[in-house]
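Take a look at the structure below. This report covers a helix packing and some aromatic contacts.

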Amino acid sequence: LGYNWKKVVAADLFDDEYIIANLNTGLYYSVQGTIINVLQCFPFESIDKKIEDFGEKITLVNKKKIMEVWDELISEELIDLNHPEGLLPAVDKEFIETEKKCNLSKYADMQDLLALDPIHEVDEKGWPEINATEE
Amino acid sequence: MNLKKYFSNSLNHIKSNVSVVLEDTISLGGKTAKLTTFSKDLKDLFFPSLAHLKVLSDEFIDLQLYYVSDDCLDIPFSAPNWGNIEFDAQGYASELDQKEIGVFFQPWLRQIFMYSYAENIGIYWVKSLSEIPWWEATFSFRTIFHMWTRNTPLQLMHAGAIATENGNAYLFPAKSGSGKSTTTCMLSEAGYVYLGDDYVLIDTDKNIVYKLYGTTKMEWDNLESRFSHLLPRAINLNQRPNQKGILYLESNKQFKNFASICAIIVPEVNNENSGIIKASIAHSLFASAPTTLHHLPHNRSESYTKIRKLSSNLPNFIWKLNADKKILLHQFQEFYNETAT
């Protein structure tokens, strides 16, 4: 098994920036820096091996930062850790040189969407109590 | 929950009503929609924002929409069996977003939007006229129109838009409070054709923007300071300050209500360095997708794909706005001269 984007995730590379949308939660992310080269290789079996594949193109300093962002992507539940396609040979992508630092930005304006609640009380016709709030 | 059964029962319930039928046909993104109600009051409330789209022919109907309230039904509408369905803070519940039927119900409002993807029939029900939130009629049936576009290249977008008389359009996507209304109103007053300031309909295959709503919503302070001459035209002066100011901005009657998009321009209030500069696809996508899909949470995957395609296919810009109308108009005129096709 290997790693890939989760099915509910739309991830696209625009120039040297990944825009990631979690279509379940409505949360959005931007990823910049050398890690975009690693993410381009999905699906793959091992993050360490994938970084090694890039040889000297990825320095030790970069590797540390890549791993920090990688851990954030996992904790945001954007990456499928048990993806069956991980065993397939990955297609080589051209290395993208970028001066941007490895970074994950979370677009959290819509974060309240994560709160979930069922309807607790209804009137005699089955409709919930009302309390209008503007969008 | 069996949404198919609930939808079917609801439709039969409406169709069995014996009241006088009021029908209007509108042109919607090049297609035809028939809007049916039994209530003159409901029509007077919801139809004005769409009235400019009215057409006479109704030979082939792509979307049939019923809009009713218990006030005009012989028997009150039944609620679904909610069970343990969990709603998010926007009122979205994935259990009510099914392949064949879409339902949108915000538990804090007694109104429901339903759509059958197989039959192309939408239903809007509200408990009573007095319970309709003031903003609902400024973007009438937005949720149903959104569901209807799922399997088409059409996409509703939280954006303003203007066009030139020769059919070049500019799209201004942004979240609320970013300057969409101010920008579109200002340009419309300078002679550009107003296509919308809140929601517009886009054909993402052809990069065409269609005018959808004829309504403008603006904070009263903004109306007073920038467009004071429009203030008397607000239709809800007596509701100030509880509602935003609502106006109907008229387009050139000769204009076709649609135009080809030349560029996407993301408005951003920035008093120091005003100007129109090139933006990345990512920047444009961030300005349009989250806010649109926050309001319209159904079919996120399909909608995101369409919005991404639009951002990728068109040139993208940021317009850093200051408060000087003269400078802004000059900036746009220069920009237009450089980009118009």
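How close do the axes of helix H6 and helix H7 of chain B come, and at what angle do they cross? This is a predicted model. In it, the axes of H6 (residues 281-295) and H7 (residues 300-313) of chain B come within 9 Å and cross at roughly 150°. Angles over 145 degrees count as roughly antiparallel, so H6(B) and H7(B) are roughly antiparallel to each other. The crossing of H6(B) past H7(B) is right-handed.

On the H6(B) side, the contact residues include B:Ile281, B:Leu285, B:Ala289 and B:Leu293. They meet a set in H7(B) that includes B:Arg300, B:Tyr304, B:Ile307 and B:Arg308. By class, this contact has six nonpolar, six polar and two charged residues.

Now the aromatic rings. Over all chains, the count comes to 39 aromatic pairs.

| Pair | Centre to centre | Angle between planes | Geometry |
|---|---|---|---|
| B:Tyr115 and B:Tyr117 | 5.1 Å | 85° | edge-to-face |
| B:Tyr170 and B:Tyr336 | 6.2 Å | 75° | edge-to-face |

The pair of B:Tyr170 and B:Tyr336 links distant parts of the chain, 166 residues apart. B:Tyr170 lies in strand S9 (residues 168-173) of chain B, and B:Tyr336 in helix H8 (residues 325-339) of chain B.

B:Tyr115 is buried at 1%, and B:Tyr117 is buried at 10%. B:Tyr170 is buried at 0%, and B:Tyr336 is buried at 14%.

B:Tyr170 and B:Tyr336 also belong to one aromatic cluster. Among its other members are B:Phe172, B:Tyr192, B:Trp319 and B:Phe332.

Key:
Residues are numbered from 1 along each chain as its sequence is written. Chains are lettered from A and ligands numbered from 1 in the order in which they are written. This is a predicted model: local features need pLDDT of at least 70, side-chain atom pairs count only at pLDDT 80 or more; totals for chains, interfaces and linings use all residues. Side-chain values use heavy atoms; hydrogens and water are left out. Axes are lines fitted to C-alpha atoms, for helices over the stretch in contact, and angles run from 0 to 180 degrees between N-to-C directions. Helices (H or I, at least four residues) and strands (E, at least two) are DSSP runs, numbered from the N terminus. Angles under 35 degrees count as roughly parallel, over 145 as roughly antiparallel, 65 to 115 as roughly perpendicular and the rest as oblique. A crossing is left-handed if the near helix is turned anticlockwise from the far one by less than a right angle, and right-handed if clockwise. Contact means heavy atoms within 4.5 Å. Ala, Val, Leu, Ile, Met, Phe, Trp, Tyr, Cys and Pro count as nonpolar, Asp, Glu, Lys and Arg as charged, and the others, Gly among them, as polar. Rings of Phe, Tyr and Trp (its six-membered ring) pair if their centres lie within 6.5 Å; planes under 30 degrees apart count as stacked, over 60 as edge-to-face and the rest as tilted. Buried means under 20% relative accessible area, exposed over 50%, partly exposed in between (1.4 Å probe, protein chains only).
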